Amino acid sequence: MSKQDHAALADAFNKDESRVDWHDQTLWFVREKRDKAVNKVPEWEWLRETASQIKNNVLSNLSEYLTQFEAQAVQNGVVVHWAADANEHNEIVYGLLKKHGVDRMVKSKSMLTEECHLNEFLAEKGVDVVDTDLGERVVQLAGEPPSHIVLPCIHKKKEEIGEIFHEHLGTPAGNADPQFLTHAARLHLREKFLTRKAALTGVNFAVAETGEFVVCTNEGNADMGAHLADIHIACMGIEKLIPERKHLGVFLRLLTRSATGQPVTTYSSHFKKPRPGQEMHIVLVDNGRSTQLGKKDFRNSLKCIRCAACFNTCPVYRRSGGHSYHTAVAGPIGSILSPNLDMKKYADLPFASTLCGSCSNVCPVKIDIHDQLYKWRQVIVQEGYAPVAKKLMMKTMTWVLSHPSVYHTAGKAGRWFMLNTPFTVNNGLNPWWKGREMPEAPRESFGQWYKRNRK
Amino acid sequence: MSSKDKILTAVKASQPEQRELPPLEPPTEGRPADPAKQFVEVLEAIGGRAYIVSGWERIGMILKEAYTADKRVVSGCAGLGFMMESIDDPHSLENVELAVLEGHFGVAENGACWITEDRMMERALPFIAQNLALVIHKKDIVPTMYEAYQRIADAEYGFGTFIAGPSKTADIEQSLVLGAHGPRSMTVFLIDEGMSDAGFY
Ligand code: SF4
């Protein structure tokens, strides 16, 4: 475990209660926007089921799809690299920059590069990386990691951002107007886009059939970087593949509605071939994914499309903040992915949950998130971390119980947690695990049920 | 063993048993009766603007009224009569005030237009311009992304993108700001050949 576990970090975040309320409400607002968008799509549940089945097919044929994708991409004139782990990924990216004599690069959002700690790696080699997503630029200037995979600086108040911009971009002190600050960032980052010869982007989906990949942004920063640079490097986890182009029609309908409640991102860009004179590279990264794929109970986590709906709905995330998870991908899904990378370091994360099931309920690809969290707890005990697990469970319970809004906002399922949680852990761990049946996650939210039955 | 072989071997060993792909045709309940109307409503809701026009002449008039001669307007549309000279370096597009390009079709459910690079003049143009206008035909509006991908399933392109409204961000306390890095405004002209401009003159 890291020096400070989730419960301790969450306690630190909870020192400022009004701030926690604000964080909680801001994310709940995003969750509500998601609900509104979802309710406008009558076939929503059909879409989730279809997406889930497509991803099941992907996982069952991943090696074939990877081979097909590489062959197609190469035919399109793209150079494909394979990285077994984070370090190899970082070395590949650095090698490409070095080859081109480039020591300054723009980068759009890529949680994979966060997972691999690419920025720190490149900084040590003397490469200057500018994160161009506004939220990511804010946390980069503040010297912090993102606290949320879709809304990287959701934990920052506008006054704090105003201060950061005042210090680093020279905006007038005390100006915290979002419109003004965004404009200042626009000018600051335009200069970077126009002067950088290399751009790195993430990948939302990669199509085995065609060898193309799709990058979704609202700001247009991935496109600004890639289309102005001589070399475009796209980094992706191997689980990002989908079989055919037409499957994008399912995932693009789900992704942004789940993430922010928009019907689609402003830009859904399909990169297939480099533009004349440009070099395009794809780095395919494993970094633990093939191991996770082999774990029957946890492989479903690889279906994740990183929409963060499970973050926004999670009562624990909303009231403990992204940094309390001390990992690149926080929230419920991060608590499943991280122990696979380092069980000891992240043993606390599967305990950072009330198991209320709200995450599984909103997940657009139907990952059984709360079941997997529950299963991780058992694995952690089996692997000999029982004393740690016991301590963690107590700490999490104490934390949850001393922050009533955490279980209240979890709603009905939260009350279930209250009823079924042994208040004394003296009975050992068995009553917790043996004595409880996981509630079946409701197929639809109350709101959806109400809407349907009101007619 | 190379990393590629290592990864592929590990993946193959871990893969679960074969699962079939599901059928993709969605239930049609709740489809909009008038996709063009829905397209305009959604586009406006996401910060874009729409004009339904009779043809290119009308578009030219609207643009002349909105953009004075000292502003750099770049057009990739043959129909507008002032096609831009070729572009050598995308960086030179930095001061483009307006780019007018022809899209392929629009999507009613999300207000997006599909455009491929052969119609962009330069890949950077729709992103770097201060303002963007796309032209499509009103009849070319499909209800959802399902029909959109039916249309482009076999299309050939090096780069293509769906654009839905102006560039935007809500990263600062969830306050929506239009014009993050790309265009601050986005206009879609919907050409309806059957329409009369009589009322406009
Ligand atoms: S687990 Fe599901 S809800 Fe959470 S980020 Fe991934 S796709 Fe979204």
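The ligand itself sits in the largest cavity.

The confidence of the prediction was then considered for chain A, which averages a pLDDT of 88, with 87% of the residues scoring at least 70. Residues 411–442 of chain A, however, have a pLDDT below 50, although this stretch makes 47 contacts in the model beyond near neighbours in sequence. Where pLDDT is low, predicted coordinates should not be read in detail.

The interface between the two chains was examined next. On one side, 93 residues of chain A take part, and these are in contact with 74 residues of chain B. Between them, chain A and chain B bury about 6,900 Å², of which 58% lies on carbon and sulfur atoms. Within the area that chain A buries against chain B, A:R186, A:R245 and A:Y267 supply 10%, which is more than any other three residues supply. Charged side chains also meet across this interface, where the count between chain A and chain B is 9 salt bridges. A salt bridge joins the side chains of A:R253 and B:E109, with a distance of 3.0 Å from N to O.

How values were computed:
Residues are numbered from 1 along each chain as its sequence is written. Chains are lettered from A and ligands numbered from 1 in the order in which they are written. This is a predicted model: local features need pLDDT of at least 70, side-chain atom pairs count only at pLDDT 80 or more; totals for chains, interfaces and linings use all residues. Side-chain values use heavy atoms; hydrogens and water are left out. On a 1 Å grid over the protein atoms alone, a cavity is a set of points where a 1.4 Å probe fits but cannot get out, and a pocket is an open set with protein on both sides within 12 Å along at least five of seven lines; lining residues have an atom within 4 Å of a point. A molecule sits in a cavity or pocket if more than half of its atoms lie within 2 Å of its grid points. pLDDT is the predictor's confidence in each residue, from 0 to 100. Contact means heavy atoms within 4.5 Å. Buried area is the accessible area (1.4 Å probe) that two parts lose on being put together, summed over both. A salt bridge is a side-chain nitrogen of Lys or Arg within 4 Å of a carboxyl oxygen of Asp or Glu.
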